[in-house]
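Please read this briefing alongside the sequence and the model, which are shown just below.

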Amino acid sequence: MSGKLREVDIKSDKPTVDDAIRRMTYNIKNGKALGADVVKFIHGYGASGKGGAIRVEARKYLDRQVASRQISYYIKGEDFSIFDDNTRKAFTVCDELRRDSDLERHNNGITIVVL
């Protein structure tokens with residue numbers, strides 16, 4: 001299965017946490033409607049370098065989405081590696097992830113969502 005990857009930058013205009021979560025919600029629903037199998041969110045790590053509020057809240061939100069079965073699972077950017085079980089599982093859903101520029105970069109500023 002080749003799968004379809006959609007990449008979404010939710011941090012470029014420095015939104016509030018609430019706005020960023022709304023953008024995630026929209027892009028998860030829209031991604032499903034457009035036939036995407038995976039959405040890569042670029043949320044940043046935080047301007048201070050200590051971890052941004054968007055990243056923290058986005059992952060709490062995604063935990064709730066997994067629990068309510070709105071998404072299958074997600075991969076934290078820092079775990080996006082060929083040595084991670086969920087990453088290897090995601091490759092079977094979307095082969096394009098094998099060529100993603102963030103693979104093996106341990107990038108805290110992204111999260112991969114498998115719909």
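The points that follow cover the sheet, the helices, the cores and the salt bridges.

This is a predicted model, in which local features need pLDDT of at least 70 and side-chain atom pairs count only at pLDDT 80 or more, while totals for chains, interfaces and linings use all residues. Residues are numbered from 1 along each chain as its sequence is written, and side-chain values use heavy atoms, with hydrogens and water left out.

**The sheet**

- Four strands form an open sheet with mixed pairing, in the order β1-β2-β4-β3, where strands (E, at least two residues) and helices (H or I, at least four) are DSSP runs numbered from the N terminus, and two strands pair if DSSP finds at least two bridges between them.
- The edge strands, each pairing on one side only, are β1 (5-9) and β3 (73-76), and the twist from one strand to the next averages 20°, with axes taken as lines fitted to C-alpha atoms (for helices over the stretch in contact) and angles running from 0 to 180 degrees between N-to-C directions.
- Strand β4 (residues 110-114) pairs with β3 in the antiparallel sense over four bridges, and V113 in β4 is the bridge partner of Y74.

**The helices**

- Helix α1 (residues 17-33) has 17 residues and spans 24 Å from its first C-alpha to its last, close to the 24 Å expected at 1.5 Å a residue, the expected span being 1.5 Å times one less than the number of residues.
- The buried residues of α1 are A20, I21, M24, N27, I28, N30 and G31, where buried means under 20% relative accessible area, exposed means over 50%, and partly exposed lies in between (1.4 Å probe, protein chains only).
- These buried residues of α1 pack against β1, β2 (38-42) and α2, contact meaning heavy atoms within 4.5 Å.
- Just after α1, G35 takes a positive phi of about 85°.
- Helix α2 (residues 53-67) lies across β3 and β4 and runs at about 155° to β3.

**The nonpolar cores**

- In the largest nonpolar core, which has 17 residues, M24, F41 and L62 touch the most other members; such a core is a set of buried Ala, Val, Leu, Ile, Met, Phe, Trp, Tyr and Cys residues joined through side-chain atoms within 4.5 Å.
- The elements giving two or more residues to this core are α1, β2 and α2.
- A second, separate core of 15 residues includes L5, I75, F91 and L103.
- Leaving aside residues up to four places away in sequence, M24 touches I10, F41, A58, Y61 and L62.

**The salt bridges**

- The count comes to eleven salt bridges, each defined as a side-chain nitrogen of Lys or Arg within 4 Å of a carboxyl oxygen of Asp or Glu.
- In helix α1, D19 and R22 meet in a salt bridge (2.5 Å, N to O), and because they are three residues apart they are separated by about one helical turn; D19 is partly exposed at 29% relative accessibility, whereas R22 is exposed at 53%.
- In helix α2, K60 and E57 also lie three residues apart, about one turn of the helix, and form a salt bridge whose closest N and O atoms are 3.3 Å apart.
- The side chains of R105 and D102 meet in a salt bridge (3.4 Å, N to O), in which R105 is exposed at 56% relative accessibility, while D102 is buried at 7%.
- R105 and D102 also belong to a network of salt bridges that links them with E7, K40 and D100.
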